[in-house]
Amino acid sequence: MEQGWMWELSPVHFLRLRRHTQDDDTLSPALRLDTFKMAMHTPDSAMADGPVVELLLRRLEASDGGLDSAELAAELGMEHQAVVGAVKSLQALGEVIEAELRSTKRWELTAEGEEIAREGSHEARVFRSIPPEGLAQSELMRLPSGKVGFSKAMSNKWIRVDKSAADGPRVFRVVDSMEDEVQRRLQLVQGGQAEKLGEKERSELRKRKLLAEVTLKTYWVSKGSAFSTSISKQETELSPEMISSGSWRDRPFKPYNFLAHGVLPDSGHLHPLLKVRSQFRQIFLEMGFTEMPTDNFIESSFWNFDALFQPQQHPARDQHDTFFLRDPAEALQLPMDYVQRVKRTHSQGGYGSQGYKYTWKLDEARKNLLRTHTTSASARALYRLAQKKPFTPVKYFSIDRVFRNETLDATHLAEFHQIEGVVADHGLTLGHLMGVLREFFTKLGITQLRFKPAYNPYTEPSMEVFSYHQGLKKWVEVGNSGVFRPEMLLPMGLPENVSVIAWGLSLERPTMIKYGINNIRDLVGHKVNLQMVYDSPLCRLDAELRPPPTQEAA
Ligand code: FB9
């Protein structure tokens, strides 16, 4: 036997095969070593797991109907995985074989079960360790199987304890011999005859964690339409030599698998937040909204608060809620004529409002901060709109970062993305707001809405929006909304009969619910596991979120 051959096979396979073929004359000639050697060397059997493939094909040839990959592996004394490998590479060749994946449940001994099958049950070992003159219970308990074995041997009435013995409790045999049923049953299973055990016996062994039911995925292999025991290597490339030599005419080519997945290009991945943002963008654009510019995280207190008729002593305007800037501390560029009108409205009122009756300070309005909402961008956009005469109705939206100096918790960071929708037109009412909110959330797959009166300094009336979330089985606050106050709109120069409805929500909340994330730190920040980003599927907001159509909430 020339040396080279030995090395081609992994040592394990070789050794095991040798064992089988030598003393096991039950194997059909096809499987005898010499035939195997012959097959091994056919130059064209270039397939990686060549030898196993050869064996499988020969076995299949010899079998009537088909064979089970696990049984074949057992017969050949090799890992089931090796046979599965051969099945897979044969499947890749097309119709050589049919392979149907089956899952078969079978009983397997646990590691402790293996040990008992080998060494006997704990109770049997305890029994054997008791000499006729008995054994001190304390000593018996020190034995490796002592504890478990003692109680089982007692319950089997194989032994007894004499508590009154001189030097402490002493254990004696009650019967002369005993049958180690447990070991016998485990050996039965080991021998592949688990079916010989009754359900009760099996469950008792399983309860003692000596036996476990495993599901084995096996293949039922049968001849394919192109079955042959000699499989020639199929060309996978059409080389220039083949063309020039014309040898391609009689070469078998591996069929192209046009369904094969290409290698995923290693590309960037959109963060789930950006995937959901693009969904919201899509919804707004479908509804005819235009995106407002929000490319300024730094905003003046004027546009972030004063322009929204939010009084300068409002709690949100102090350090606790808002990040003020040290440098540049003040906004220099403010439209002063408009600022004067805002000042008067805050301090004295006007436009039918009594105002807040306090001394409005320009310095306070100049203070720069990190915007606390994108409603500041809405104020800028509405002011620009008011400068354009005549007034034209508009629908604006924004989705961008806002910053709040809030207490951090599982769902709140110091920044989040605010989504805002604004509609400005003649004679808009709360009804229009409810209508546009329904249309918006329906596109989100949310149809069951409830509106709860709320308060915002810049909208009157205001409403919190709630939706019934099937998965969470509760009403979830999905946003806030309102009709902008005339004290905000008229100083801008918007016509009397123009009203503006608006609403806002966060981007993080729907994204967390969509991707089943409970802690905001798993969504944003340095702790995010990038795999989640890579694996997070494209999001179809309305897909999962659409609860079954039910009667609208009151
Ligand atoms: O997003 C929020 N909730 C939400 C939204 C969608 C969603 O989708 C699910 C799939 C179903 C789930 C939840 N909220 C607003 C409600 C709460 O989460 C709230 O506790 C937290 N809010 C943020 C502010 O926290 C201080 C969310 C954020 C928010 C709140 C209000 C506005 C914007 C964002 C606003 C506004 C507004 C009002 C009137 C006019 C213009 C803008």
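In this predicted model, helix 10 (residues 146–155) carries four buried residues, namely Gly-146, Gly-149, Phe-150 and Ala-153. These residues lie on the same side of helix 10, because they cover an arc of only 105° around the axis.

**Helix 10 and its surroundings**

- An α-helix has 3.6 residues a turn, so residues three or four places apart point the same way.
- Lys-157, which follows helix 10, has a positive phi, near 55°.

**Crossing of helix 7 and helix 11**

- Two packed helices are described by the angle between their axes and the distance between the axes.
- For helix 7 (residues 111–119) and helix 11 (residues 181–190), the axes come within 8 Å and the crossing angle is roughly 115°.
- Helix 7 is therefore roughly perpendicular to helix 11.
- The handedness of the crossing between helix 7 and helix 11 is left-handed.
- On the side of helix 7, the contact involves Gly-113, Glu-114, Ile-116, Ala-117, Arg-118 and Glu-119. Their counterparts in helix 11 are Val-182, Gln-183, Leu-186, Gln-187 and Gln-190.
- By residue class, the contact of helix 7 with helix 11 comprises 4 nonpolar, 4 polar and 3 charged residues.

- Most residues other than glycine have a negative phi, and most peptide bonds are trans.
- The bond from Asp-327 to Pro-328 is cis, its omega being near 0°. Pro-328 belongs to the loop that joins helix 15 (301–304) to helix 16 (336–347).
- A cis peptide bond also leads from Lys-389 to Pro-390, with omega near -15°. Pro-390 is placed in the loop between helix 18 (375–387) and strand 10 (394–403).

- Tyr-351 is not a glycine, yet its phi is positive, at about 55°. This residue is located in the loop between helix 16 and helix 17 (362–366).
- With a relative accessible area of 32%, Tyr-351 is partly exposed.
- Lys-357, likewise not a glycine, has a positive phi of about 55°. The loop between helix 16 and helix 17 also holds Lys-357.
- Lys-357 counts as exposed, because its relative accessibility is 56%.

**Asp-64, an exposed acidic residue**

- Asp-64 occupies the loop between helix 4 (50–62) and strand 1 (67–68).
- The relative accessible area of Asp-64 is 70%, so the residue is exposed.
- Although 159 residues separate Asp-64 from Lys-223 in sequence, their C-alpha atoms are 9.4 Å apart in space.

**Glu-464, a buried acidic residue**

- Glu-464 is part of strand 13 (residues 459–469).
- Glu-464 is buried, because its relative accessible area is 18%, which is under the 20% limit for burial.
- Beyond its neighbours within four places in sequence, Glu-464 is in contact with Arg-450, Phe-451, Lys-452, Ala-454, Glu-477, Gly-479 and Asn-480.

Notes:
Residues numbered from 1 in each chain as written. Predicted model: local features only at pLDDT ≥ 70, side-chain atom pairs only at ≥ 80, totals over all residues. Heavy atoms only, no water. Buried < 20%, exposed > 50% of the residue type's maximum accessible area, 1.4 Å probe, protein only. Helix = DSSP H or I, 4+ residues; strand = E, 2+ residues; numbered from the N terminus. Arc of directions from axis to C-beta. Axes fitted to C-alpha atoms, helices over the stretch in contact; angles between N-to-C directions. Parallel < 35°, antiparallel > 145°, perpendicular 65-115°, else oblique. Left-handed = near helix turned anticlockwise from the far one by under 90°. Contact = heavy atoms within 4.5 Å. Nonpolar A, V, L, I, M, F, W, Y, C, P; charged D, E, K, R; others polar.
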